[in-house]
Amino acid sequence: MKILKRNNVIPAWFKNLFCFHLIALLFSCGNSSDRINDQLVFRYNEHKNIGSLDPAFAKDNADIWAVNQLFNGLVQMDENLTVQPCIAKQWSISEDALTYAFALRTDVQFHKDPIFGKDSTRLVTAYDFEYSLFRLCDFATASPGSWVVNNLWDIEVKEDSLKITLKSPDPSFIGKLTMKYCSVVPKEIVQHYKSGFRSHPIGTGPFKFKRWEENLKLVFRRNEHYFEFDKNGVQLPYLEAVAITFLPDKQSEFLQFAQGNIDFVSGLDASYKDDILAATGKLRETYSQDINMIRGPYLNTEYLAFFMDSKIPEIQSKLLRQAINYGFDKKKMMTYLRNGIGIPANGGFIPKGLPGYNSSAGFSFQPEKAKQLVQQFKAETGISLPEITITTTSNYLSFCEYIQRELQKIGILVNVDVIPAATLKDAKANGKLDMFRASWVADYPDAENYLSLYASKNFAPNGPNYTHFKNKQFDTWYQESLTLTNAKIRESLYTKMDSLVMASTPIVPLFYDEVVRFTRKDVSGLGINPINLLDLKQVKKLN
């Protein structure tokens, strides 16, 4: 067994103190109008860092969480994954699912910027959405979200309404419009700052951009002109500011949380899971006085991926890919490594809870079957000791070490290569990794979102097909699924597509996740949702 580690982490404690000290200075210095009540600042850490605040590049959760505080779209998703009004106050969809007509609010302002001129702001119009959506599919923008609007045919615009026409029916389109990619941006600001818009974002959201020192801290302030109100008529948001730090490891993040320096942490990491949770998945008594735990379903599939264009015989071999799928006990893995949080993925890539999920599409633990497949591979290739390398981040090292030990028992030598999250993100998008750990969180509640990862037209880096899986039958079914308006027929086709993918084994599903959030007791209104979107507009902190 061999473990390669290339994760050169910046000394965490030095950076901790520096980050929080600077943020404290930011909030306490300056003139009186800039000072913030520290108790109204929501603090969290983003260990994966943030690449851009331009919604056209809001690809990963780290970016999506930040962008969600700054920008709005036509529609938004509630905690039950139901599409709700946002800047569009109402809409209608034609029976053939080709035309979507929206009536807009007329009281939504962009955040202030001198480029707007005299008033430093202006109202949002339908022309802004026309620009924003066409910008998303413009080759010059090179947005990873261009696939969301690649079915767009035409947009008819009036000041306070727009009509979107698609090339082919797409029942999931209204859900896609809730994605942060589809946020409204002002043309004159984007054209002025060009690529600098990533670090000078102007949106309409509940918070506005204040300051970003990359790799150190990011600060948002309350948007005093935000257009949404709570059920009692109180203007949102309640918080005065949001402060984000970038400590690179989850253990340091948790220690800052335990000390009360940040207000919440998301997810369960190996570095602290046994400290905070009992083996039963319950919060330990030590923490129950100061911390709340929120837990719920999460439309997230964690998996290992094979790069199907790899030149390595072990990766090219369907026999060996099947053996790996059969070769380790996922239930045992979840019990010991996740304290029972999450569902072992013995089905396909579509997670449990979404229409199209098929519990029989995947692989169960069959060690003898796995050994037979490895022996068959050896006999056919002459390779006496099959060897693979799994590339992962430090947060998932324990999973990969577990898989490493189990696969050795069936005759496969496994190396584990640990690299920073940002490096893995870039390498997998550019086909530089033969096998890697990944996850896919639903952007909208339709299984087409998951199956889009296997359409050949979506090859990375311009789309989400990181495995470079290609199958003519799958592509035919995928295109057909985009035209079906009957939910039951579409669901049946999704199940067939998922089964076809699993039969070809470009991936090894590990588990279907659960959202787990830990908050300080003085935080309320954070909530939880199955796509793990961070929404801070109704969060309160008790004095």
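The model is a predicted one, in which local features need pLDDT of at least 70 and side-chain atom pairs count only at pLDDT 80 or more, while totals for chains, interfaces and linings use all residues. Residues are numbered from 1 along each chain as its sequence is written, and side-chain values use heavy atoms, with hydrogens and water left out. Helices (H or I, at least four residues) and strands (E, at least two) are DSSP runs, numbered from the N terminus.

Helix α11 spans residues 330-337, and its buried residues are Lys330, Met333, Met334 and Leu337. Viewed along the axis of α11, these buried residues fall within an arc of 95°, so they line one face of the helix; the arc is that of the directions from the helix axis to the C-beta atoms. Lys331 and Tyr336 are exposed on the other side of α11. Here, buried means under 20% relative accessible area, exposed over 50%, and partly exposed in between (1.4 Å probe, protein chains only). At the N-terminal end, Asp329 caps α11, with a side-chain oxygen 3.1 Å from the backbone nitrogen of Lys331. Just after the helix comes Asn339, with a positive phi of about 50°.

Asp263 counts as buried because its relative accessibility is 4%. Its side chain reaches the backbone nitrogen of Arg43 at 2.7 Å, and a polar contact of 3.1 Å joins the side chains of Asp263 and Lys541. A polar contact is a pair of N or O atoms within 3.5 Å; within protein, one must be able to donate a hydrogen and the other to accept it, and residues adjacent in sequence count only if both atoms are side-chain atoms. Not counting residues up to four places away in sequence, the residues touched by Asp263 include Phe257, Phe518, Arg520 and Val523.

As for the whole protein, there are 17 helices and 20 strands. Buried residues make up 56% of its 543 residues. Among contacts between residues at least 6 apart in sequence, 69% join residues at least 24 apart. The C-alpha atoms fill a box of roughly 75 × 55 × 40 Å, taken along the principal axes.

Methods: Contact = heavy atoms within 4.5 Å.
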